[in-house]
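Please look through the sequence and the model below.

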Amino acid sequence: MKMIKIIIFLVCIGTAWYLGRRSRQPKEQPRNKINIPRDYLIGLNFLLNEETDKAVDIFIKMLEVDSDTVETHLAVGKLFRKRGEVDRAIRIHQNLIARPQLEKVYREQSLFELGQDYLSAGVLDRAERIFIELVNAKSHSARALRTLIDIYQQEKDWENAVKAAHQYEAVTRQSMQPTIAHYYCELAENAAHKKQFDEAIQFLKKALSADHACVRASLLQAKVLIETGEYKLAIHSLKKIKNQNSDYLSEAIELLAFCYEQLEDEESLVIYLKHLLDEHPRVPVVLILAERIRKRKGDKVAATFVADYVRRYPSLRGLYTFVNIYISSAEGRAKEDLHILQNLMKNLLADKSEYQCNSCGFSGKSLHWQCPGCKAWSTMLPAYRLEEKYEPVVAG
Ligand SMILES: [Zn+2]
């Protein structure tokens, strides 16, 4: 099968070569004189000896580059790259670019293909140089910028990613602001990692001015403020998250409780959580509130509180929280049964992913702001959000 494909491929090259050659032949040349080039015979011999690699190279060399054959060269180059023979694709595209008489449109196309070859080969710096050159070529600037953005993301070169994204916006008039906000968050994370907190805060301000709904920026802002002991300001940042995107409340709630604890103001925390629960009846809020109720009023009151929630908004995680609290006040056979149920639910939850991408379905135990599967930003959501029912159950 592979051999047949190669032969079909060679016949295509041969035909293109023949047609190109015939169209250039002077009309007065006698038709009966067949002039077979020596290279053609050498190529044929390689083919017959099953040395197809050498044969292909010979035929390509024979196929002169001109306006009749340039499309064939480009198609063959692309074919090689798709088959994983990147070295050959590179040779073909370099050969095209080296022709001084090549039309501008074909030169740019060959350059773009060469850039793709380098990308496939993982030679990112060379690919980068080519795509930077192509940004100025009108016909390729949007695609070149899109590819440059991908390269900078791979290289974690966030400063250049920001610049390329701005250029892409100018060329295509498509907003890149939510993605730019993530680039600033990446820069802020790096700065915070080096304990450069002022710098981190500056990057986060830029992130929020690019996208005021950037949950990640508010979360990071709170984490940096917690590091510097500014708990009130951290609470202010965390409270914004419910309006930015309430799906990520679970990421904020424990930090929020921590800040209030540091300020020794549990009263305000409980008031805020109750208010939050009315607006967003979600398991993480119930969990943290149940813990506070348990501390203040005991297991039974806490269990009743969770039971009431689970009745209205059924979910495995909610039920598990209920069992955990209820079990301590149960006795005898009931307690034994609850232990069985508790273990069963624990195992069920252990198998579940904590986060899932709503674009490609990638799932895992940790939150990636850029999905490792489809590379989209902000598509991974806490899984509890996807499995819960938010419509209250109305008793029939
Ligand atoms: Zn994804």
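Over which ring does the charged end of Arg146 sit? The ring is that of Tyr168, and the charged end of Arg146 lies 5.7 Å from its centre. A charge counts as sitting over a ring if NZ of Lys or CZ of Arg is within 6 Å of the ring centre and within 35 degrees of the ring normal. Arg143 also lies over a ring face, that of Phe112, at 4.1 Å from the ring centre.

This is a predicted model, in which local features need pLDDT of at least 70 and side-chain atom pairs count only at pLDDT 80 or more, while totals for chains, interfaces and linings use all residues. Residues are numbered from 1 along each chain as its sequence is written, and side-chain values use heavy atoms, with hydrogens and water left out. The pLDDT is the predictor's confidence in each residue, from 0 to 100. The chain averages a pLDDT of 84, and 82% of the residues score at least 70. Over residues 22-34 the pLDDT is below 50, and this stretch has four contacts in the model beyond near neighbours in sequence; a contact means heavy atoms within 4.5 Å.

The chain has 21 helices and three strands. These are DSSP runs numbered from the N terminus, with helices (H or I) of at least four residues and strands (E) of at least two. Of the 396 residues, 46% count as buried. Buried means under 20% relative accessible area, exposed means over 50%, and partly exposed lies in between (1.4 Å probe, protein chains only). Among contacts between residues at least 6 apart in sequence, 50% join residues at least 24 apart.

Glu133 belongs to helix α7 (residues 124-135). With a relative accessible area of 42%, Glu133 is partly exposed. Not counting residues up to four places away in sequence, Glu133 touches Arg107 and Leu111.

Ser237 is part of helix α13 (residues 231-239). Ser237 is buried, because its relative accessible area is 4%. Leaving aside neighbours within four places in sequence, the contacts of Ser237 are Ser218, Gln221, Ala222 and Leu225.

The structure holds nine aromatic pairs. Rings of Phe, Tyr and Trp (its six-membered ring) pair if their centres lie within 6.5 Å; planes under 30 degrees apart count as stacked, over 60 as edge-to-face and the rest as tilted. Phe322 and Tyr326 form a stacked pair, 5.2 Å centre to centre with 15° between the planes. Both lie in helix α19 (residues 316-326), and because they are four residues apart there, about one helical turn separates them. Phe322 is buried at 19%, whereas Tyr326 is partly exposed at 38%. Elsewhere, Trp158, Tyr183 and Trp377 form one aromatic cluster.

Cys371 is buried, at 1% relative accessibility, while Cys374 is partly exposed, at 31%.
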